[in-house]
Amino acid sequence: TIHTNKKKIIADKFFKGMFETDLKKGELIEAIDFQIPEKSAYVKYPNPASRYAIVGVYIAKFKTEVRVAITGASSCVFRSKELETALTNNFSPSSIDNLNVPSQNLNSDIHASAEYRAHMIKVMAKKAMKNI
């Protein structure tokens, strides 16, 4: 939860698009509350020139659920419900093998197509699992 000088914003609603948040003019972040996961890891496939993530995957394991955030693949960070469900049911790299990551709404540019980014989400998720 993001606490501002005017309201509380649930984290899933904070990012609206590239360089855009739910903050209004004059609104300032004062605090952020979050659960500390039992285990977590972030890995990225960086653009060789800028080092920004072409695809980045953050996996956080909590007692009753797993959360997965994806960076670089779309216009803003998003959670992967497909990966979250698979890893909540079976917290192992093998649970990612047969997963279908949709490429719709993913970036497609000179660095990587949407289909390639969808594939790299799975690859980076498996790497993140090995780092946990």
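Begin with the largest nonpolar core of this predicted model. Select Val 55, Val 57, Ile 59, Val 68, Leu 83 and Ile 121, the residues with the most contacts inside this core, which has 26 residues. Then colour strand 6 (39-46), strand 7, strand 8, helix 2 (81-89) and helix 3 (114-131), each of which supplies at least two residues of the core. Helix 3 gives the most, with eight residues. In soluble globular proteins, nonpolar side chains tend to be buried together.

Next, centre the view on Val 57. Leaving aside residues up to four places away in sequence, Val 57 touches Ala 41, Tyr 42 and Val 43, together with Val 68, Ala 69 and Ile 70.

Now move to the largest pocket, with a volume of about 900 Å³. Select Ala 11, Asp 12, Phe 34, Arg 67 and Arg 79, which lie nearest its centre among the 24 lining residues. Helix 1 (11-14), strand 7 (53-61), strand 8 (66-71) and strand 9 (78-79) each contribute at least two residues to the lining, and strand 8 gives the most, with four residues. Coloured by class, the lining of this pocket shows 17 nonpolar, three polar and four charged residues.

Finish at the second largest pocket, whose volume is about 510 Å³. Met 18, Tyr 52, Ala 53, Gly 72 and Ser 74 lie nearest its centre, out of 19 lining residues. Strand 3 (15-17) and strand 7 each supply at least two residues of this lining. Its classes are eight nonpolar, nine polar and two charged residues.

Technical notes. Residues numbered from 1 in each chain as written. Predicted model: local features only at pLDDT ≥ 70, side-chain atom pairs only at ≥ 80, totals over all residues. Heavy atoms only, no water. 1 Å grid on protein atoms, 1.4 Å probe; cavity = no way out; pocket = protein on both sides within 12 Å on 5 of 7 lines; lining within 4 Å. Points joined across faces, edges and corners; volume = space filled by probe spheres on them. Nonpolar A, V, L, I, M, F, W, Y, C, P; charged D, E, K, R; others polar. Core = buried A, V, L, I, M, F, W, Y, C linked by side-chain atoms within 4.5 Å. Buried < 20%, exposed > 50% of the residue type's maximum accessible area, 1.4 Å probe, protein only. Contact = heavy atoms within 4.5 Å.
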